[in-house]
Amino acid sequence: MTKGHLFVMSAASGAGKTTLKDLVLPEFPQLRYSISCTTRKPRTGEVNGVHYYFKTPEEFKAMIAAGQLAEWNEVHGNFYGTPRKFIEDTLAQGNSMFFDLDVFGKVNFDKIYSDAIGILVLPPSLEVLERRLRDRGTDSDEVIRLRLENSRKEMEFAQSQGKYEHTIVNDDLAQAAELLRDIFRRHF
Ligand code: 5GP
C-alpha cells in the first residue's frame, strides 16, 4: 500500500487562503479534507459535518480531556481542533489528507506528524493587505488595524518558528492556484 501524505496549509489573516483552497481542492478528490471541530458559530451557508463539526465549549473540552484531538488552539476567541481518529483511519487506508490550521496549531501538529508538508500562504505585503481591506470597505479603522496586527504576528511566527516546505505569495489568484496544484502534483 502507498503511504499517504499530510498537507497542512496555514496563512496570515487576509492572505486569501479560503478562496485558494476552495478553488483547487475539488480538483484533487484523492486528498481527504480533515474537518475540524470548532466552538465558533456557523456562518451563513456552513454545514455541520461538511465545513466544521460545530461544538459547544463543553463538548470541545470533553474532546480535549478524552484525547480525541491531535492538536487544538484558540483562534480569534474560538476553539479549533483536529480530530485524531480520522487521521489515523485515513493513514491506515494509505490515503493523503489536507488540513487547514492556524500557524500556531501547525507547530503542535508537527510534534505528532513531523513529516507533514507545510504550505504557507502570504499576502504580497502588509501594505497590499491593508489596501485590500480598505477597498472592501466592510471593516472599521479599528478592525483593520487589529487584522493587520494579527496578520503581522502570524507572518512573523510562521517564518521564524514554523516548518513550511512551500510558501505561496497570493498576489494573483490564478498564479497562486497553479503553484498549489504543482505542490500536490509533485506528491502524486
Ligand atoms: P475560520 O473561523 O475563518 O473558519 O478559521 C479561523 C482560523 O482557524 C483559520 O486560520 C484556520 O486555519 C484555523 N483553523 C481551522 N481549523 C483548525 C484546527 O483544527 N486547528 C487549528 N489550530 N486551527 C484551525
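Me: Quick one to start: in β7, which residue is the bridge partner of Arg 32?
Reply: That's Met 97. The model is a predicted one, where local features need pLDDT of at least 70 and side-chain atom pairs count only at pLDDT 80 or more, while totals for chains, interfaces and linings use all residues. Residues are numbered from 1 along each chain as its sequence is written, and side-chain values use heavy atoms, with hydrogens and water left out.

Me: Okay, and how many bridges pair β2 with β7?
Reply: Three, in the parallel sense. Two strands count as paired if DSSP finds at least two bridges between them. Strands (E, at least two residues) and helices (H or I, at least four) are DSSP runs, numbered from the N terminus.

Me: Which helices pack on that sheet?
Reply: α1 is one of them: it touches β1, β2, β7 and β8, and its direction makes about 145° with that of β1. Another is α7 (residues 173-187), which touches β1, β2, β7, β8 and β9 and makes about 160° with the direction of β9. A contact here means heavy atoms within 4.5 Å. The angles run from 0 to 180 degrees between N-to-C directions, with axes fitted as lines to C-alpha atoms, for helices over the stretch in contact.

Me: What's the strand order in the sheet?
Reply: β2-β7-β1-β8-β9, five strands in an open sheet with parallel pairing.

Me: Let's zoom in on β8. How many of its residues are buried?
Reply: Six of six, over residues 117-122. Buried means under 20% relative accessible area, exposed means over 50%, and partly exposed is in between (1.4 Å probe, protein chains only).

Me: And which residues sit on each side of β8?
Reply: Ile 117, Ile 119 and Val 121 are on one side, and Gly 118, Leu 120 and Leu 122 are on the other, all buried. In a regular strand the side chains alternate between the two faces of the sheet.

Me: What does β8 pair with?
Reply: β1 (residues 6-11) runs parallel to β8 and is joined to it by five bridges, with Phe 7 opposite Ile 117. β9 (residues 166-169) also pairs with β8 in the parallel sense, over four bridges. There, Ile 119 has His 166 as its bridge partner.

Me: New topic: what's the order of the four-strand sheet?
Reply: β4-β3-β6-β5, open, with mixed pairing. Its edge strands are β4 (53-54) and β5, each pairing on one side only. β3 (residues 37-38) and β6 run antiparallel, joined by two bridges, and Cys 37 stands opposite Gly 81. Helix α3 (residues 84-92) lies across β5 and β6, at about 25° to β6.

Me: How much space is in the largest pocket?
Reply: About 1,400 Å³. Of its 45 lining residues, the closest to the centre are Lys 17, Thr 18, Arg 43, Tyr 52 and Asp 100. The lining divides into 19 nonpolar, 14 polar and 12 charged residues. Ala, Val, Leu, Ile, Met, Phe, Trp, Tyr, Cys and Pro count as nonpolar, Asp, Glu, Lys and Arg as charged, and the others, Gly among them, as polar.

Me: What makes something a cavity and what makes it a pocket?
Reply: On a 1 Å grid over the protein atoms alone, a cavity is a set of points where a 1.4 Å probe fits but cannot get out. A pocket is an open set with protein on both sides within 12 Å along at least five of seven lines, and lining residues have an atom within 4 Å of a point. Points are joined across faces, edges and corners, and the volume is the space filled by probe spheres set on them.

Me: Last one: is Ser 151 buried or exposed?
Reply: Buried, because its relative accessibility is 0%. Ser 151 sits in helix α6 and touches Ala 12, Ser 13, Leu 126 and Leu 129, leaving out residues up to four places away in sequence. Leu 126, in helix α5 (residues 126-136), is partly exposed at 26%.
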